Amino acid sequence: MTAAPPERPGRAPRTDTVWARLKRSRPAMIGLGLVVFFVLLAVLAPVFAALTGNSPYAYNPELLAPDTAPAGPLGGMSAQHWFGVEPRTGRDLFAIVSYGAQVSLLIGLAATLVSVIVGVAIGLIAGFYGHLADRLLSRFTDIVFGFPFLIFAIALSATVPASFPRPLLLILVIGFFGWPPVARVVRSETLSLKERGFVRAAAAQGTSSARILVREILPNLAATIIVFTTVSIPGKIGAEAALSFLGVGVNPPTPSWGRSISDAISWVQVDPMYLIFPGMALFLVTLGFNMFGDGLRDALDPTAEQGPERSADRTPDRGPDTPRIDPMSAGGQP
């Protein structure tokens, strides 16, 4: 009976799944924990409001001092108001932060979805068909890439009728200006994949271009798209916060971290907690998505953490001619 050949050193075991590699990364798990925490905070915001009896839209002037600052120490923190209350209105700050998580996550995730769908479609078409389609779409990508996003967003917010849903407007604007980095990465990978043997074989068998794109190329881009989606979310959340900070985000009194931070600047000497809690929430959620995205990228491409001597011994899954593209290197606007 012939003994099984020993496993070559440096080769990852067959049972080493993406989840197993992800669990070995402490920063990735910390990031995942932060993301899960804020998702639960957003989902359970109505539950917390019912338990505490505090609504983000309920004004409590009796909780304010004569100068409209929160009465009591630490911004009015108490067993009833865990984060204190908002100056001038007396609204519960924990309710504002928890409901603000709903706004930030909804706009951030939806805008990311819009940008990924548009970017993947344009990148696939430009990379696969090439020639005139590639030149036209690449020039269009460069134009959008260099467009002043912030100025356009402020001007559009000022001209769009107030009856138009502001969250939908933010999703469309942020998502539209966020697709060029996705398109560049997808185009680069598609240019490499279309020269691979399995794609050429499918074309030689008479398979239609649409079927090749959907059945052959798109599945091989799944890991890249997933990672890019994850690392793009913090930029979209930050863009929404920036627009709200400038006063062109969601309309008050809808809770928003960016607007709370903007309002808190004038109160930082009197009530620093008003700035700390929404600012810390924005910092932690973006940090969590970034840490989780970096860990997910390494887990989906284990050759990145094996070192040069190991990765040379391992046969790359995406082919020897396919470069490993870091989504963060694509740059671009949020």
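Residues are numbered from 1 along each chain as its sequence is written. Because the model is predicted, local features need pLDDT of at least 70, side-chain atom pairs count only at pLDDT 80 or more, totals for chains, interfaces and linings use all residues, and side-chain values use heavy atoms, with hydrogens and water left out.

**Exercise 1. Architecture**

Determine how many helices and strands the chain has, and what percentage of its residues count as buried.

Step 1. Helices (H or I, at least four residues) and strands (E, at least two) are DSSP runs, numbered from the N terminus. The chain has 14 helices and 0 strands.

Step 2. Along the sequence, the pattern is accordingly α-α-α-α-α-α-α-α-α-α-α-α-α-α.

Step 3. Buried means under 20% relative accessible area, exposed over 50%, and partly exposed in between (1.4 Å probe, protein chains only). Of the 334 residues of the chain, 44% count as buried.

**Exercise 2. The largest nonpolar core**

Identify the residues with the most contacts inside the largest nonpolar core, and the helix that gives the most to this core.

Step 1. A nonpolar core is a set of buried Ala, Val, Leu, Ile, Met, Phe, Trp, Tyr and Cys residues joined through side-chain atoms within 4.5 Å. The largest one has 25 residues, and those with the most contacts inside it are Ile-237, Trp-257, Val-285 and Phe-289.

Step 2. At least two residues of this core come from each of α2 (26–43), α4, α11, α12 (257–264) and α13 (273–300). The most is given by α13, with 7 residues.

Step 3. As background, in soluble globular proteins nonpolar side chains tend to be buried together.

Step 4. Val-36 has its place in helix α2 and counts as partly exposed because its relative accessibility is 41%.

**Exercise 3. Aromatic pairs**

State how many aromatic pairs there are, and explain why the pair of Phe-48 and Phe-94 has its particular class.

Step 1. Rings of Phe, Tyr and Trp (its six-membered ring) pair if their centres lie within 6.5 Å; planes under 30 degrees apart count as stacked, over 60 as edge-to-face and the rest as tilted. This rule gives 14 aromatic pairs.

Step 2. The ring centres of Phe-48 and Phe-94 are 5.5 Å apart and their planes stand at 85°, so the pair is edge-to-face. The pair links distant parts of the chain, with Phe-48 in helix α3 (residues 45–52) and Phe-94 in helix α4, 46 residues apart.

Step 3. Phe-48 is partly exposed, because its relative accessibility is 23%; Phe-94 is buried, because its value is 10%.

Step 4. Phe-94 also forms an edge-to-face pair with Phe-83, at 5.1 Å centre to centre and 85° between the planes. Here Phe-83 lies in the loop between α3 and α4, 11 residues from Phe-94.

Step 5. Ring pairs join Phe-48, Trp-82, Phe-83, Phe-94 and Phe-277 into a cluster.

**Exercise 4. The cavity**

Find which residues line the largest cavity, and which helix supplies the largest share of the lining.

Step 1. On a 1 Å grid over the protein atoms alone, a cavity is a set of points where a 1.4 Å probe fits but cannot get out; lining residues have an atom within 4 Å of a point. Grid points are joined across faces, edges and corners, and a volume is the space filled by probe spheres set on the points.

Step 2. The whole structure holds 1 cavity of 30 Å³ or more, and the space in the largest cavity is about 40 Å³.

Step 3. Its lining consists of Val-116, Val-120, Val-182, Val-185, Val-186, Thr-224, Ile-225, Phe-228 and Thr-229.

Step 4. At least two lining residues come from each of α4 (93–129), α8 (180–193) and α11 (222–245). The largest share, 4 residues, belongs to α11.

**Exercise 5. Backbone features**

Locate the cis peptide bond, and decide whether Leu-74 is buried or exposed.

Step 1. The peptide bond from Pro-252 to Pro-253 is cis, with omega near 10°. Pro-253 lies in the loop between α11 and α12.

Step 2. Leu-74 is not a glycine, yet has a positive phi of about 55°. Leu-74 lies in the loop between α3 and α4 and is exposed, because its relative accessibility is 51%.

Terms used
1 Å grid on protein atoms, 1.4 Å probe; cavity = no way out; pocket = protein on both sides within 12 Å on 5 of 7 lines; lining within 4 Å.
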